[in-house]
Amino acid sequence: MASHSFSVRFVTFAGRQWWINYHWTRKQGTYAYEPFKSIFDPKIIQRTAAGIQLQIPGDDPAVWRTSELVLMEKLGYGKYLITAQADRGSFSDLDANAIFGAFLYQYSVAPPDNGLNIHREIDFLEVLRNDGGNAQFTLQPYDFTRHPVEFFKIPNGTKVITIINEWYVDQGLNRLAAFSCYSGDWSLANPPPEQNLIASWWPPKIPGVNTLIPDHTATSCERLHLNLWLMHGAAPTRPQSVTVTRFEFQPAQAATS
């Protein structure tokens, strides 16, 4: 199956447009510095029958290229659902240097009244090796007084996961976010059963950490990112691949009713 040419700027997935045409090098670009040092290459992103395949192909061991999609729309508050499958074994088999991420991020700095999370970053899920397992939910900045993170383990043999994040403002104008990860392939119309819950996190109940939940305004620019990259640019032991099979969004009014 042919990969996209470098001239392609967007790919259609889940009825939405996703930006793929930007190529960061080791010497310049947002991801050129620590801890990333990751080279995102649009030419290796595949549109398959299953979905969008993010790769670290390993066809050139001297340059381990990585993949990222960025949603063009700024959706704001609501319920985000993402399903993904590990193409080479299971998520517990993902290389120790590889990270699969699903997160909201704004490149520009938010106004001071947004709080310390200056890039409006909400890490719905990061699959990576850490002291607490192989995955985490996170807010930013990580070097906050108390690390705003929840470590957990995706069980061995889990090939497909469903990520759900709800981000909204309640009637008291409190910013809220709820994180969850389930085993299996689920949707908003067919939600995951409780027995498939791998982990969940409710940061609004954590004093201090709740202030890191960002706001959304008419001028904010946070967008959804889906990527597969290498920590510190360190080479994996073999090629890596994750296919995002579903993305669904439900606006906040419907999500919280």
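Which residues form one aromatic cluster? They are Phe13, Trp18, Tyr80, Phe124, Phe247 and Phe249. What you have here is a predicted model, in which local features need pLDDT of at least 70 and side-chain atom pairs count only at pLDDT 80 or more, while totals for chains, interfaces and linings use all residues. Residues are numbered from 1 along each chain as its sequence is written, and side-chain values use heavy atoms, with hydrogens and water left out.

**Confidence**
- The protein has a mean pLDDT of 90, and 93% of its residues reach 70 or more; pLDDT is the predictor's confidence in each residue, from 0 to 100.
- Over residues 1-6, pLDDT stays under 50.
- Where pLDDT is low, the predicted coordinates should not be read in detail.

**Aromatic pairs**
- The structure holds 13 aromatic pairs (rings of Phe, Tyr and Trp, the last by its six-membered ring, with centres within 6.5 Å; planes under 30 degrees apart are stacked, over 60 edge-to-face, the rest tilted).
- One of them joins Phe103 and Tyr105 edge-to-face, at 6.5 Å centre to centre and 75° between the planes.
- Phe103 counts as buried because its relative accessibility is 8% (buried means under 20% relative accessible area, exposed over 50%, partly exposed in between, with a 1.4 Å probe and protein chains only).
- Tyr105 is buried too, with a relative accessible area of 15%.
- The Phe137 and Phe152 rings have centres 4.6 Å apart and planes at 35°, so this pair is tilted.
- That pair links distant parts of the chain, with Phe137 in strand β10 (residues 133-139) and Phe152 in strand β11 (residues 149-152), 15 residues apart; strands are DSSP runs (E, at least two residues), numbered from the N terminus.
- Both Phe137 and Phe152 are buried.

**Nonpolar cores**
- In the largest nonpolar core, which has 57 residues, Phe100 and Phe247 touch the most other members (a core is a set of buried Ala, Val, Leu, Ile, Met, Phe, Trp, Tyr and Cys residues joined through side-chain atoms within 4.5 Å).
- A second, separate core of seven residues includes Tyr31, Phe40, Tyr105 and Trp229.

**Largest pocket**
- Its lining has 25 residues, and those closest to the pocket centre are Pro35, Phe36, Glu121, Glu126 and Gln140 (on a 1 Å grid over the protein atoms alone, a pocket is an open set of points where a 1.4 Å probe fits, with protein on both sides within 12 Å along at least five of seven lines; lining residues have an atom within 4 Å of a point).
- Strand β9 gives the largest share of this lining, five residues.

Conventions
Helices (H or I, at least four residues) and strands (E, at least two) are DSSP runs, numbered from the N terminus. Contact means heavy atoms within 4.5 Å.
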